[in-house]
Amino acid sequence: MTLSALYEDRAIAVVRVPTILSPVELCRALADGGIRSVEFTFTTPGVEALIRAAADGAAEHGAVIGAGTVTDADTAKRAIDAGAQFLVTPGLSEAVAEVATAAGIPFLLGAMTPSELMRALDLGSDAVKVFPAGTMGSGFLKDLRGPFPDVRLVPSGGLHAGNAREYIDAGAAAVTAGSSVVGAAAVAAADWAGIRAAAAEFTAAALGGSALGGSAPDKSAPGGSALPVASVQSR
């Protein structure tokens, strides 16, 4: 499944919290809420153990486990050894791209400017993380899609249920759910029902439909055609 879940759900959850009692239950709550791609960041204490536990429990929760805030080759290797199925960087990193490519692991390099985006594509980035998206707004993403209409852009930073739809309408391949869905207090309290509800609210707001049932969201690419995933799955 790898990144196909990301493109089908058009959402990814970024986990950046100090305490996680059960990564398996967290992933189950997110997947049940409609977000099956979960990125555990390397700013989280003990993240390698969390990635390993979440990856080992994939059959239970159905989520795809990735590692974020991967900034160098050593971190990339540690993430892959722990079981990460995809890597995400906050900025451009040739070293991370080389490690991921050698391991056959898909990756999303961070970029902001057109030049950075072009470099990310040259390095083989499966999609490009546009960060910090909230600072620039959805209009910036729409402008990027002018010269790069076929590039999968994943805005990150400052997105929530109140603005995620703007980025989808601007052409995002997927949107990032951070602390508005995976809040530190809710995770520390093991409020899995609350996290599931927050994930469902986020995806419903971004894609349309009811948070807890109702009409299915439109998961097609901008323009109405499905996003291709075969090339990603073959990596």
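In which strand is Val 88 found? I looked it up and found Val 88 in strand E4, residues 87-88. I took helices (H or I, at least four residues) and strands (E, at least two) as DSSP runs, numbered from the N terminus.

**Entry 1: ground rules**

I am working with a predicted model, where local features need pLDDT of at least 70, side-chain atom pairs count only at pLDDT 80 or more, and totals for chains, interfaces and linings use all residues. Residues are numbered from 1 along each chain as its sequence is written, and side-chain values use heavy atoms, with hydrogens and water left out.

**Entry 2: totals**

I counted 13 helices and 8 strands in the protein. Of the 235 residues, 52% are buried. For burial I used relative accessible area: buried is under 20%, exposed is over 50%, and partly exposed is in between (1.4 Å probe, protein chains only). The accessible surface comes to about 9,200 Å², and 53% of this belongs to carbon and sulfur atoms. These areas come from the Shrake-Rupley method with a 1.4 Å probe; for residues, only the protein chains shown count as cover. I then looked at contacts (heavy atoms within 4.5 Å). Among those between residues at least 6 apart in sequence, 61% join residues at least 24 apart.

**Entry 3: Val 88**

Leaving out residues up to four places away in sequence, Val 88 touches Glu 39, Ala 67, Gly 68, Thr 69, Val 70, Leu 108 and Lys 129. I also noted the pair Val 88 and Thr 71, which are 17 residues apart in sequence and 8.7 Å apart in space, C-alpha to C-alpha.

**Entry 4: strand E1**

I checked E1 next and found 5 of its 5 residues buried. In a regular strand the side chains alternate between the two faces of the sheet. In E1, Ala 11, Ala 13 and Val 15 point one way, while Ile 12 and Val 14 point the other way. For pairing I required at least two DSSP bridges between two strands. E1 runs parallel to E8, with 3 bridges joining them, and Ile 12 has Thr 176 of E8 as its bridge partner. E1 also runs parallel to E2 (residues 37-41), again through 3 bridges. There the bridge partner of Ala 13 is Val 38.

**Entry 5: empty space**

Rolling a probe the size of a water molecule over the atoms shows where empty space is left. My search used a 1 Å grid over the protein atoms alone: a cavity is a set of points where a 1.4 Å probe fits but cannot get out, and a pocket is an open set with protein on both sides within 12 Å along at least five of seven lines. Lining residues have an atom within 4 Å of a point. Grid points are joined across faces, edges and corners, and a volume is the space filled by probe spheres set on the points.

How much space lies in the largest pocket? I read about 270 Å³. Its lining has 17 residues, with Val 14, Arg 16, Ser 156, Gly 178 and Ser 179 nearest the centre. Strands E1 (11-15) and E8 (175-177) each supply at least two residues of this lining. I sorted the lining into 8 nonpolar, 7 polar and 2 charged residues. In this sorting Ala, Val, Leu, Ile, Met, Phe, Trp, Tyr, Cys and Pro count as nonpolar, Asp, Glu, Lys and Arg as charged, and the others, Gly among them, as polar.

I found 1 cavity of 30 Å³ or more. The space in the largest cavity is about 50 Å³. Residues lining this cavity include Ile 12, Val 14, Glu 39, Val 88, Lys 129 and Thr 176. The cavity lining divides into 5 nonpolar, 2 polar and 2 charged residues.

**Entry 6: backbone exceptions**

Which peptide bond is cis? I noted the one from Phe 131 to Pro 132, with omega near -5°. Pro 132 is in the loop between strand E6 (127-130) and helix H8 (133-136).

Thr 69 is not a glycine, yet its phi is positive, near 55°. I placed Thr 69 in the loop between strand E3 (64-68) and helix H5 (73-82). Thr 69 is buried because its relative accessible area is 18%.

Ala 190 has a positive phi of about 55° and sits in the loop between helix H11 (184-188) and helix H12 (192-207). Ala 190 has 27% relative accessibility, so I logged it as partly exposed.
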